[in-house]
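Dear colleague,

Please find below the structure that I am handing over to you. My notes on it follow directly after.

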Amino acid sequence: IVGYFWNFIFQVNSFFKKETKKRKRTEVEEVSEDQSSSVVQEPPLKAKKARRAKKELSKAEKKLTNRERALEQADEEEEQKLFQNKEKQKKRTSQAITKSVANSATGTTVKQQKEKKVPDETVNRRTVFVGNLPVNCTAQALKSLFKEYGQIKSIRFRSLVPAEDTISKKLAAIKHKVHPNAKFINAYIVFKEECDAIKALKENGTEIASGFHIRVDIASKSSSVSKMCD
């Protein structure tokens with residue numbers, strides 16, 4: 001009986017030891033499976049996050065790059081426009097200078113050139129020739145003598161010899177620098193109306209200065225003017 005009892009206890013202990021070992025082995029295997037699954041699952045999640053972050057970064061970089069290119073293109077277009085405007089301005093300035101030089105070289109303005117192209121045929125009929133004037137005669141003196149006959153448009157002196165070769169006849173008339181050997185000068189008086197020029201013929205033979213009897217005549221020899229004013 002005693003032997004049977006101890007044999008029973010030994011079997012029970014062996015059974016519990018085997019069950020304990022099985023339980024521990026199962027727990028170890030479950031823990032290892034959990035760890036392995038976590039080890040296997042973690043890298044894919046991190047890889048996905050990394051790829052997503054990389055994609056977002058690449059999109060932001062593309063946007064930034066596109067924006068920088070757009071700004072550079074806008075700057076280039078603006079610089080090109082400024083360059084073209086400067087070139088146009090230089091061209092206009094050059095053309096203006098060329099026209100100005102051409103006009104100054106000929107001594108006429110564009111307006112005067114247009115007027116010359118369409119001459120006034122009535123000018124000669126409105127112009128009075130005044131000859132045998134003293135060399136010191138002035139435009140103001142002639143204007144005072146003839147203004148009673150009508151409005152005077154202009155007075156021009158002719159047959160005038162400058163005192164110096166370096167000055168023009170016009171400047172010599174303005175500054176009264178006439179050659180000392182010159183004895184007389186002539187003038188042309190342009191009236192506004194043709195009839196006023198005819199009236200001015202009354203001054204023919206008038207002594208304007210001591211020993212100077214002026215000769216007054218119409219620049220145009222047309223007889224129609226005198227008929228119109230009769």
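Which side chain of opposite charge is nearest to aspartate 196, and how far away is it? Before the answer, a word on the basis of these notes. This is a predicted model, in which local features need pLDDT of at least 70 and side-chain atom pairs count only at pLDDT 80 or more, while totals for chains, interfaces and linings use all residues. Residues are numbered from 1 along each chain as its sequence is written, and side-chain values use heavy atoms, with hydrogens and water left out.

The nearest such side chain is that of lysine 199, 4.1 Å away. Aspartate 196 is buried but has no salt bridge. Buried means under 20% relative accessible area, exposed over 50% and partly exposed in between, with a 1.4 Å probe and protein chains only. A salt bridge is a side-chain nitrogen of Lys or Arg within 4 Å of a carboxyl oxygen of Asp or Glu; Lys and Arg count as positive, Asp and Glu as negative, and His and the chain ends are not counted. Aspartate 196 lies in helix H5 (residues 194–199); helices (H or I, at least four residues) and strands (E, at least two) are DSSP runs numbered from the N terminus. Apart from residues up to four places away in sequence, aspartate 196 touches Tyr149, Gly150, Gln151 and Phe191, where contact means heavy atoms within 4.5 Å.

Tyrosine 149 is itself buried, as is phenylalanine 146. The ring centres of these two residues are 6.4 Å apart and their planes are at 50°, so the pair is tilted.

Phenylalanine 146 also belongs to the largest nonpolar core, which has 22 residues; Val128, Leu133, Leu142, Phe146 and Phe191 have the most contacts inside it. Such a core is a set of buried Ala, Val, Leu, Ile, Met, Phe, Trp, Tyr and Cys residues joined through side-chain atoms within 4.5 Å. Strand S3 gives the largest share of this core, 4 residues.

Two further residues of strand S3 deserve mention. Asparagine 186, in strand S3 (residues 185–191), is buried, with a relative accessible area of 11%. Its side chain reaches the backbone nitrogen of asparagine 132 at 3.2 Å. Tyrosine 188, also found in strand S3, is partly exposed, at a relative accessible area of 24%. The C-alpha atoms of tyrosine 188 and isoleucine 155 are separated by 5.7 Å, although the two residues are 33 residues apart along the chain.

Yours sincerely

Technical notes
Phe/Tyr/Trp six-rings, centres within 6.5 Å; stacked < 30°, edge-to-face > 60°. Polar contact = N/O pair within 3.5 Å; in protein donor to acceptor, adjacent residues only side chain to side chain.
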